[in-house]
Amino acid sequence: MKMKNLTRRITAITMIMAAIIFLTIPQCLMAQVNYKLLPGKDAGIKVLGSSNIHDWTMTATGIESQGDFKFEGDQLRSLHAFSFSVEAKSLKSDHESMDNRTYKTINADKFPRIAYKLNSAVVTPVEKNKYAIKATGELTISGATQTVVLNVTAVVNPDKTITCTGSQKIQLTDYKIDPPTFMLGAMKVKNDLTIQFNLVYKNNQLLTKTN
């Protein structure tokens with residue numbers, strides 16, 4: 001009888017250990033890694049707009065961004081905790097007077113950063129090493145926040161960096177911003193803007209080692 005009880009206990013312990021190992025294996029295979037923005041001449045954020053006179057572009061340089069990309073083997077499966085922020089006064093056009101008027105319009109002294117924070121994301125494979133990401137999050141400009149959906153194309157490069165590109169249309173009035181005017185009202189900026197982004201991310205641990 002004692003031998004039977006001992007055998008049953010050993011069998012139960014073995015089954016429990018097997019179940020723990022079985023449940024743990026997928027977590028081991030599914031690696032979630034923090035990636036940070038990799039600065040470069042081709043990476044950045046641009047704001048494209050137009051007026052009654054001509055089109056214009058402002059380019060941002062003061063960008064901070066990171067996200068947790070989850071891989072299963074070589075396949076990108078999900079994205080979590082993604083965010084980016086832009087220093088408002090790092091936005092530059094070809095005209096200093098326009099830059100200064102823009103900073104005043106978006107109240108850059110009071111709200112020095114434009115920020116995006118991810119709420120949820122759906123990752124869909126498109127082809128080898130290329131993915132479509134539908135990212136829903138909160139975009140804050142000049143202290144006002146709106147929910148936006150970013151359609152991002154993500155490419156996992158041979159060096160394991162991740163390039164994320166896309167664009168998003170917004171309206172200034174959605175952020176309680178009145179479209180500015182210049183030259184005593186002769187030039188009037190239109191309400192619609194397009195934000196274009198080309199951002200490259202690298203595994204934060206590898207990025208730290210190279211710095």
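This is a predicted model: local features need pLDDT of at least 70, side-chain atom pairs count only at pLDDT 80 or more; totals for chains, interfaces and linings use all residues.
Colleague: Why is the pair of Phe82 and Phe84 called edge-to-face?

Modeller: The ring centres of Phe82 and Phe84 lie 6.4 Å apart, and rings pair if their centres lie within 6.5 Å. Their planes stand at 70 degrees, and planes over 60 degrees apart count as edge-to-face. The pair is therefore edge-to-face.

Colleague: How many aromatic pairs does the structure hold, and which residues form the aromatic cluster?

Modeller: There are seven aromatic pairs. One cluster is formed by Tyr35, Phe69, Phe71, Phe82, Phe84, Tyr116 and Tyr201.

Colleague: What makes Phe82 count as buried or exposed?

Modeller: The relative accessible area of Phe82 is 9%, and buried means under 20%. Phe82 is therefore buried. Phe84, at 11% relative accessibility, counts as buried by that cut-off.

Colleague: How do you know whether Asp178 is buried or exposed?

Modeller: Asp178 has a relative accessible area of 64%, and exposed means over 50%, so Asp178 is exposed. Asp178 sits in the loop between strand S9 (162-171) and strand S10 (181-182). The C-alpha atoms of Asp178 and Lys190 are separated by 9.7 Å, the two residues being 12 residues apart along the chain.

Colleague: Which residues touch the most other members of the largest nonpolar core?

Modeller: They are Ile45, Phe69, Tyr116 and Leu139, in a core of 49 residues. Strand S8 (residues 144-156) supplies the largest share of this core, six residues.

Colleague: What is the make-up of the lining of the second largest cavity by class?

Modeller: That lining has 11 nonpolar, no polar and no charged residues. Among them are Phe69, Phe82, Phe84, Cys164 and Phe197. The second largest cavity has a volume of about 90 Å³, and S5 gives the most to its lining, with three residues.

Colleague: Which residues are the closest to the centre of the largest pocket?

Modeller: The largest pocket has a volume of about 210 Å³. Of the 11 residues that line it, the closest to its centre are Phe71, Gly73, Asp74, Val156 and Lys160. By class, the lining divides into five nonpolar, four polar and two charged residues.

Notes
Residues are numbered from 1 along each chain as its sequence is written. Side-chain values use heavy atoms; hydrogens and water are left out. On a 1 Å grid over the protein atoms alone, a cavity is a set of points where a 1.4 Å probe fits but cannot get out, and a pocket is an open set with protein on both sides within 12 Å along at least five of seven lines; lining residues have an atom within 4 Å of a point. Grid points are joined across faces, edges and corners, and a volume is the space filled by probe spheres set on the points. Ala, Val, Leu, Ile, Met, Phe, Trp, Tyr, Cys and Pro count as nonpolar, Asp, Glu, Lys and Arg as charged, and the others, Gly among them, as polar. Rings of Phe, Tyr and Trp (its six-membered ring) pair if their centres lie within 6.5 Å; planes under 30 degrees apart count as stacked, over 60 as edge-to-face and the rest as tilted. Buried means under 20% relative accessible area, exposed over 50%, partly exposed in between (1.4 Å probe, protein chains only). A nonpolar core is a set of buried Ala, Val, Leu, Ile, Met, Phe, Trp, Tyr and Cys residues joined through side-chain atoms within 4.5 Å. Helices (H or I, at least four residues) and strands (E, at least two) are DSSP runs, numbered from the N terminus.
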